[in-house]
Amino acid sequence: MKTIPFSATIALDDSWDVIVCGGGPAGCAAAAAAAREGARTLLLEATGALGGMGTSGLVPAWTPFGDQEKIIYRGIAQKVFEACKAGMPYVSSVDIDWVPIDPERLKRVYDDLVTGAGASVRFLTNLTHVTRNGNKVTSIVVANKDGLTACAAKVFIDCTGDADLAAWAGADFHKGNAEGKKLMPSTLCFVLSNVNEAAYRNGPNLHASNPESPIYKILESGKYPYIPDAHACSNLIGPGSVGFNAGHLWNVDNTMPESMSEAMILGRKIAEQFRAALAEFFPTAFGNSFLVSTGALMGIRESRRIDGDYVLTLQDYLDRRSFPDEICRNSYFIDVHWAKEDAVSLLSQHASWEKKGFQYEKGESHGIPYRCLVPKGLENVLVAGRSISCEQIVQGSVRVMPVCLAMGESAGIAAAHAAKDHSGRVREVSPDHLRSRLRAEGAYLP
């Protein structure tokens, strides 16, 4: 057996102004925006594709892009959304709510967005270590086929979804409720192909809000024990192909490898039982269906949330509050998925759950301040995506892809200007200047 000699020397790559960790929606928008501003930008992604949950995670639809009157996630977010729709002739060009996602097309959209802006991408590259000097992150260590490499930059943007970079740098964070418990459940999304489109379109909606959804008969039958509850969102994502965001996995912690490994195995069992159950209880559409794919990524709704310079609260959400340093608006409802003891198996339970969602009226939204992206105790790090500084209940709203795209663009612009003009100090970026640049790029900041 041959052995590879161990070397204690790690090569240093210090050629970057901005390094973005995580290539989901927030990370792609951040990298593209930073590069567009002239920063030498590197995007690091642990998988082989950009896009996160919309691509590798197989989430089948975008949450609404508007406030029931108009699109409010604009700039890069709107460009990504429209580019994805452009290759889906079965989707109306005017639709903005719950629009299906073609995951393969969306991968290419993100590739073009990031590389077209001038950012460099490193796929199959994992963050392994963070080095800090005082309040400044000096470098990170990544692992890929080159082995271990230290990468230095003036500013780092944490778009890992779990605040890995910020947490490993020593920033304070929260998980779950005030006791650190009750993370929202996860879901492993999947795709069924060879579906009869006409029967699917004209048959009963599978969503739990529909009294005639087959999901209730499936649960009542007791024949499919891996199907945990009535959560059953689905969308036609291509010819004869239906994407599912269905079923819940509880007590999953994305920061614990053993927890994630168990969840992935169970999620695949759930997906296969959904196929079998739908073939029995909705045979006109799914009688000959085939489980073609399960997500390469688990659908994580919640893990770490940083303790930032400002904590977005439920009261801010209820007040539709605006902020002098707000970098985007958000109108998505409070979509907190239930704990295991509150799992829905009856229609009446679902109706009760929906009342807790704090739906906005037409034209209403709230702002997200730049300070929510700035972790306390770190001077050259920004966080964008589901890990921003907010109360747990508000995280149920700000965690979704359209607002993550908007936050990512803001972080990218701010990081580039911090690197160029302020020696990496992100708090010295002028909110007025940041908002001016965002508006110039099409952002909605009334």
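Student: What order do the strands of the open sheet with mixed pairing have?
Tutor: This open sheet has 4 strands in the order E1-E7-E6-E5, with mixed pairing, where strands are DSSP runs of E of at least two residues, helices are runs of H or I of at least four, and both are numbered from the N terminus. The model is predicted, so local features need pLDDT of at least 70 and side-chain atom pairs count only at pLDDT 80 or more, while totals for chains, interfaces and linings use all residues. Residues are numbered from 1 along each chain as its sequence is written, and side-chain values use heavy atoms, with hydrogens and water left out.

Student: What makes E1 and E5 edge strands?
Tutor: Strand E1 (11-13) and strand E5 (126-133) each pair on one side only.

Student: How do you know that E5 and E6 pair?
Tutor: Two strands pair if DSSP finds at least two bridges between them; 7 bridges join E5 to strand E6 (residues 136-144), and the two run antiparallel. Within this part of the sheet, Asn126 stands opposite Ala143 in E6.

Student: Which strands form the open sheet with antiparallel pairing?
Tutor: That sheet has 4 strands in the order E11-E12-E10-E13, and its edge strands are E11 (232-238) and E13 (290-294). Here 4 bridges join strand E10 (residues 190-193) to E13 in antiparallel fashion, with Val191 opposite Ser293 in E13.

Student: Why is H12 called largely enclosed by the rest of the structure?
Tutor: Buried means under 20% relative accessible area, exposed means over 50%, and partly exposed lies in between (1.4 Å probe, protein chains only). Of the 21 residues of H12, 19 are buried, so the helix is largely enclosed by the rest of the structure.

Student: How does the reach of H12 compare with the expected span?
Tutor: The expected span is 1.5 Å times one less than the number of residues; helix H12 (residues 401-421) has 21 residues and reaches 30 Å from its first C-alpha to its last, close to the 30 Å expected.

Student: How many disulfides are there?
Tutor: A disulfide is a pair of cysteine sulfur atoms within 2.5 Å, and by this rule the count comes to 0. Cys21 is in no disulfide, the nearest cysteine sulfur being that of Cys151, 8.3 Å away.

Student: Is Cys21 buried or exposed?
Tutor: Its relative accessibility is 3%, so Cys21 counts as buried; Cys151, at 4%, also counts as buried.
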